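Please consult the sequence and structure alongside the text.

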Amino acid sequence: MRTYLVTGGAGFIGSNYIHYMFRKYDNEIRIINVDVLTYAGNLENLKDIEDRDNYTFIRADITDKDAIQKIFDENDIDRVVHFAAESHVDRSIKNPEVFVKTNVLGTAVMLNCAKAAWELPDGSFKEGKKFLHVSTDEVYGSLPDDGTSYFYETTPYSPHSPYSASKASSDMLVKAYIDTYKFPANITNCSNNYGPYQFPEKLIPLIINNALQGKKLPVYGNGMNIRDWLYVDDHAKGIDMVQEKGKLGETYNIGGHNEKRNIEIIHIILDTLKEMLPENDPRRANVSEDLITYVEDRKGHDIRYAIAPDKIKAEIGWEPETMFAEGIKKTIAWFFEHEDWMKNVTSGDYQKYYESMYNNR
Ligand code: NAD
Ligand code: DAU
């Protein structure tokens, strides 16, 4: 049975990926989820699978090389799928150091431990071992608002935020391992994900949650920035397909072909909430365009991200399946069904974060 070591599996994309993998492979695989459980890691995301015999959770920090080495020593890991990271751009602007520690040092530790476990005496690697590094389109910088230019795998790196600079550094480390040691790895750079279990510091769940409560909907700058939205299940499928069919050493961009301006996203969410909330639901009265509030722009705010997922389509046969109109309905339906999840993650520390981030905006 193939054993996957998933890092950051208690976060948004990692937990969706674990669900996807068990839906697809059921008892044919074993998953070890390593997560230190920062504010963004939540074991509630995995409640329905935690009792499976072929699933193990280990609380560990990816920057702790002894802890990670021990996991490799005690388990015959076949695949590493490396999600663990600090992921929020606004937090990186306020506090860059933890981004360097987790995203750069953490990736170095993961690479080094996998290399030590998988390397043979002649410097080659054991058959079938693979490392997939999950990265972001933000490493390519910002595109003009022209609707015609795209990020390709060949686009030069030009990160702007401390977050994207740390992810770019981690990508470079993976590339260095591929070039220097012929280390069996792939990198995927994907666009903005949305879907179930997304932490409400990110635009889409924040707007859904605030609108339902009649709270202000903060739009940074003029709301015209563009992101390319990818439904998280499509991303999970893409990651699995890269592992199965990708050429080792290659980078694959994964994008949604779903470019939208931030203000458009907010209007779509408001319209969809009004459409989906039952007539007698008291939250209907809260949902209103009047909540839209233009606030101070994000520092260094990238204008536009857009991926042309041509390479992954041609070489691997993956393409995005979920159009935004459908994905946002699924996402909102999930949040309706998981009110307690939202209440739990928005209490305590998140309240403090929200006040400090938005009070002077
Ligand atoms: P997330 O913030 O929701 O989850 C990150 C997870 O990593 C959490 O469970 C957290 O506890 C864990 N973690 C953080 N530091 C750790 C450490 N030192 N040791 C062990 N675990 C640690 O992030 P996400 O949105 O699910 O993103 C996952 C990955 O995908 C990240 O690498 C991110 O850069 C990348 N990515 C995200 C998006 C997106 O739209 N969310 C898009 C492109 C790429
Ligand atoms: O492109 C991939 C990246 O997408 C990932 O690498 C990051 O991990 C992920 O967080 C995401 O980064 P963004 O900065 O694009 O996502 P965020 O949801 O924070 O913001 C989306 C857009 O909405 C961005 O232009 C800023 C804007 N925004 C965001 C928030 C939280 C607002 O206007 N108001 C807000 O309150």
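## Basis of the report

The structure is a predicted model. The values given below are accordingly computed from a predicted model.

## Surroundings of ligand 1

Ligand 1 is surrounded by 28 residues. The closest of these are Ile 13, Asp 35, Ser 87, Tyr 163 and Lys 167. Classified by type, the shell around ligand 1 comprises 14 nonpolar, eleven polar and three charged residues.

Oxygen atoms of ligand 1 take part in several polar contacts, both with the backbone and with a side chain. On the backbone side, a polar atom of Ile 13 is 2.7 Å from an oxygen atom of ligand 1, and an N or O atom of Gly 11 lies 2.9 Å from an oxygen atom of the ligand. From a side chain, an N or O atom of Tyr 163 is 2.6 Å from an oxygen atom of ligand 1. The ligand taken alone exposes 830 Å², of which the protein buries 96%. Two or more residues of the shell come from each of α1 (12-25), β5 (130-136), α5 (162-181) and β7 (192-194). The most is given by β5, which provides three residues.

A polar atom in the side chain of Tyr 163 lies 2.6 Å from an oxygen atom of ligand 2. The side chain of His 301 likewise places a polar atom 2.7 Å from an oxygen atom of ligand 2. A backbone contact is made by Tyr 220, with a polar atom 2.9 Å from an oxygen atom of the ligand. Ligand 2 taken alone exposes 700 Å², and the protein buries 95% of that.

The axes of α1 and helix α7 (residues 232-245) come within 9 Å and cross at roughly 65°. Because of that angle, α1 is roughly perpendicular to α7. The crossing of α1 past α7 is right-handed.

Helix α4 (residues 97-118) packs with α5 at an angle of about 20°, and their axes are 8 Å apart. The angle is under 35 degrees, so α4 is roughly parallel to α5. The crossing of α4 past α5 is right-handed.

## Backbone angles

Most residues other than glycine have a negative phi. Which positions have a positive phi in a residue other than glycine? Leu 37 is one of them, with phi near 65°. Leu 37 is placed in the loop between β2 (29-35) and β3 (55-59).

Tyr 197 is another non-glycine residue with a positive phi, near 70°. Tyr 197 is found in the loop between β7 and α6 (203-213).

Technical notes
Residues are numbered from 1 along each chain as its sequence is written. Chains are lettered from A and ligands numbered from 1 in the order in which they are written. This is a predicted model: local features need pLDDT of at least 70, side-chain atom pairs count only at pLDDT 80 or more; totals for chains, interfaces and linings use all residues. Side-chain values use heavy atoms; hydrogens and water are left out. A residue is near a molecule or strand if one of its heavy atoms lies within 4 Å of it. A polar contact is a pair of N or O atoms within 3.5 Å; within protein, one must be able to donate a hydrogen and the other to accept it, and residues adjacent in sequence count only if both atoms are side-chain atoms. Accessible areas come from the Shrake-Rupley method with a 1.4 Å probe; for residues, only the protein chains shown count as cover. Helices (H or I, at least four residues) and strands (E, at least two) are DSSP runs, numbered from the N terminus. Ala, Val, Leu, Ile, Met, Phe, Trp, Tyr, Cys and Pro count as nonpolar, Asp, Glu, Lys and Arg as charged, and the others, Gly among them, as polar. Axes are lines fitted to C-alpha atoms, for helices over the stretch in contact, and angles run from 0 to 180 degrees between N-to-C directions. Angles under 35 degrees count as roughly parallel, over 145 as roughly antiparallel, 65 to 115 as roughly perpendicular and the rest as oblique. A crossing is left-handed if the near helix is turned anticlockwise from the far one by less than a right angle, and right-handed if clockwise.
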